[in-house]
Amino acid sequence: MVDGLKKIDWYRLRGHDGYADEIPGLLRQARTSVEPHEGLVRHLTGDETEVSEATAAAWPFLLDLVAHDNTPSREWLLENLCGAIAVAGGSGSDGVHPSWPPAWEASKPALLALLGHGSAAVRRGVLFVLGKGLGDSAPVLPALSARWEEEIDPATRLCVVIVATEFAGRGDEAAASWLRELAVPDDEPLARMLVSAATRPDADVILRALTGDLELFLATGSFEMGYDEVLEHVLWLVGPKDFDGMDLVLALVDVLPWRTEALDYLRRLFERDTTDVGLVVPFVPVWVADPDVRLRAFAVWLVGAARAREYRDLVAERVHDHAVTSLGQKISTLATSVLLDLG
């Protein structure tokens, strides 16, 4: 590493926190200490759509660090620093320096070599980086096949599929073909769900997986993941394919562990675009009388968002509903506001 660092004129490179002259020293120190981690994050990461020329130059040295078992907190470096850089690099933003794509592609053999590491946490971290960095899938897919055949850790097997769906979800036909040919055992429902969502959407397959035990799915992410992120990811994969993703969201409204996430998704969707709001408005009479305060509040809000005056009387009945939502708002207050807005 030391000789390689000397070959780069760091004083001419710009990082995310000024010139990059401090970076080689921080990289050298990171071989034996965690103290430089904060400085590396400051210099090498910007927002989630930016990669600097200094970051591109430092990238192979970061991979050298995570490849060595004696690097302190190398899992942290892999997940939090390399992962953040990969997310930004895969964004396709104008904020990504032109030197990043070739640096990323050149690094793939080193990353793929780490898929055989003895630590499942390292393998999952590498898979996360590969799935977010994207680029050319040609060298990645054969490595995924080999990992799929050898892998015995359930969470890491799921990560293998997630990487392929990241490529396929962005229109990579080779990755979609790889997923279509993948033999997923019946006892891996979450992997089957992702394959279905990315290649041949089947609402029943997806719903069965989402309503099962999601602890395995939540354990696969290098970054903390919650139910809402899982739902967003699956719906992103489904997209405008063989069945309307709205059907899936409406089905999840009836599943108690998913109700909040499904309603939040619908609310955000209709705040951006009311195109499909008509598909949901007919549920107002049922939801507005439901014992669950979440459904009653959403039904009242929906009448206002859709300007559904035909349900004005149902909203008026909620003026005396003093149940409080998770946001601390009374349904009575919301109903009064909607009625005023409807005029």
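**Reading a pocket, a helix and its salt bridges**

Modeller: Please bear in mind that this is a predicted model. The residues lining the second largest pocket divide into seven nonpolar, four polar and three charged. About 330 Å³ of space lies in that pocket.

Biologist: Which helix gives the most to the lining of the second largest pocket?

Modeller: Helix α18 does, with five residues. Both α16 (259–272) and α18 (293–306) supply at least two residues each. Nearest the centre of the pocket lie Asp264, Arg267, Thr325, Ser326 and Leu327.

Biologist: How should I read a salt bridge, and how many are there by this rule?

Modeller: Side chains of opposite charge can pair when their charged atoms come close. Here the count comes to 19 salt bridges. In one of them, the side chains of Arg296 and Asp321 meet at 2.7 Å, N to O. Arg296 lies in α18 and Asp321 in the loop between α19 (312–316) and α20 (331–342), so this pair ties together parts 25 residues apart in sequence. Both Arg296 and Asp321 are buried.

Biologist: Is helix α9 mostly covered or mostly open?

Modeller: Helix α9 is mostly covered, with 14 of its 16 residues buried. This helix spans residues 154–169. Glu166 is buried at 5% relative accessibility, and it forms a salt bridge with Arg170, the closest N and O atoms being 2.7 Å apart. Arg170 is partly exposed, with a relative accessible area of 46%. Just after α9, Gly171 takes a positive phi of about 90°.

How values were computed: Residues are numbered from 1 along each chain as its sequence is written. This is a predicted model: local features need pLDDT of at least 70, side-chain atom pairs count only at pLDDT 80 or more; totals for chains, interfaces and linings use all residues. Side-chain values use heavy atoms; hydrogens and water are left out. Helices (H or I, at least four residues) and strands (E, at least two) are DSSP runs, numbered from the N terminus. The expected span of a helix is 1.5 Å times one less than its number of residues. Buried means under 20% relative accessible area, exposed over 50%, partly exposed in between (1.4 Å probe, protein chains only). On a 1 Å grid over the protein atoms alone, a cavity is a set of points where a 1.4 Å probe fits but cannot get out, and a pocket is an open set with protein on both sides within 12 Å along at least five of seven lines; lining residues have an atom within 4 Å of a point. Grid points are joined across faces, edges and corners, and a volume is the space filled by probe spheres set on the points. Ala, Val, Leu, Ile, Met, Phe, Trp, Tyr, Cys and Pro count as nonpolar, Asp, Glu, Lys and Arg as charged, and the others, Gly among them, as polar. A salt bridge is a side-chain nitrogen of Lys or Arg within 4 Å of a carboxyl oxygen of Asp or Glu.
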